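Me: Could you walk me through reading aromatic contacts in a model? I'd like the general idea and then the case at hand.

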Amino acid sequence: MNRSVNVLALVKDGERYVFLYDHNSASELLQTLGRYAADPELSFSWYDAAVLSQKVRRLQRQAAGEPTSSFRETA
């Protein structure tokens, strides 16, 4: 059985946010990104959550064999 683990990371204002997730836990990760963005104690913003969410969704589309957009994504 081959289970791949994805790594999503953000370094911001001296803080490091590192998320490990697999295909089955992507929706839970998206919820976690929202909780982090809503936490005023963290430097993690709604913009950060949106950018990382886009990356997660793009990886899901790639894993499913769906075409991805033709423009270059950054972050």
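What follows is a short chat about rings and surface.

Reply: This is a predicted model, where local features need pLDDT of at least 70, side-chain atom pairs count only at pLDDT 80 or more, and totals for chains, interfaces and linings use all residues. Residues are numbered from 1 along each chain as its sequence is written, and side-chain values use heavy atoms, with hydrogens and water left out.

Me: How many aromatic pairs does a search of the whole structure find?

Reply: A pair of aromatic rings is described by the distance of the centres and the angle of the planes. Rings of Phe, Tyr and Trp (its six-membered ring) pair if their centres lie within 6.5 Å; planes under 30 degrees apart are stacked, over 60 edge-to-face, the rest tilted. The search turns up 5 pairs. For Phe 19 and Tyr 36, the centres are 5.6 Å apart and the planes at 55°, so that pair is tilted.

Me: Which parts does the pair of Phe 19 and Tyr 36 tie together?

Reply: Phe 19 sits in strand E2 (residues 15-21) and Tyr 36 in helix H1 (residues 26-38), so parts 17 residues apart in sequence are tied together. Helices (H or I, at least four residues) and strands (E, at least two) are DSSP runs, numbered from the N terminus.

Me: And what does Tyr 36 form with Phe 44?

Reply: An edge-to-face pair, 5.9 Å centre to centre with 85° between the planes. Tyr 17, Phe 19, Tyr 36 and Phe 44 make up one aromatic cluster.

Me: Is Phe 44 buried or exposed?

Reply: Buried means under 20% relative accessible area, exposed over 50%, partly exposed in between (1.4 Å probe, protein chains only). Phe 44 is buried at 2%, Phe 19 is buried at 7%, and Tyr 36 is partly exposed at 30%.
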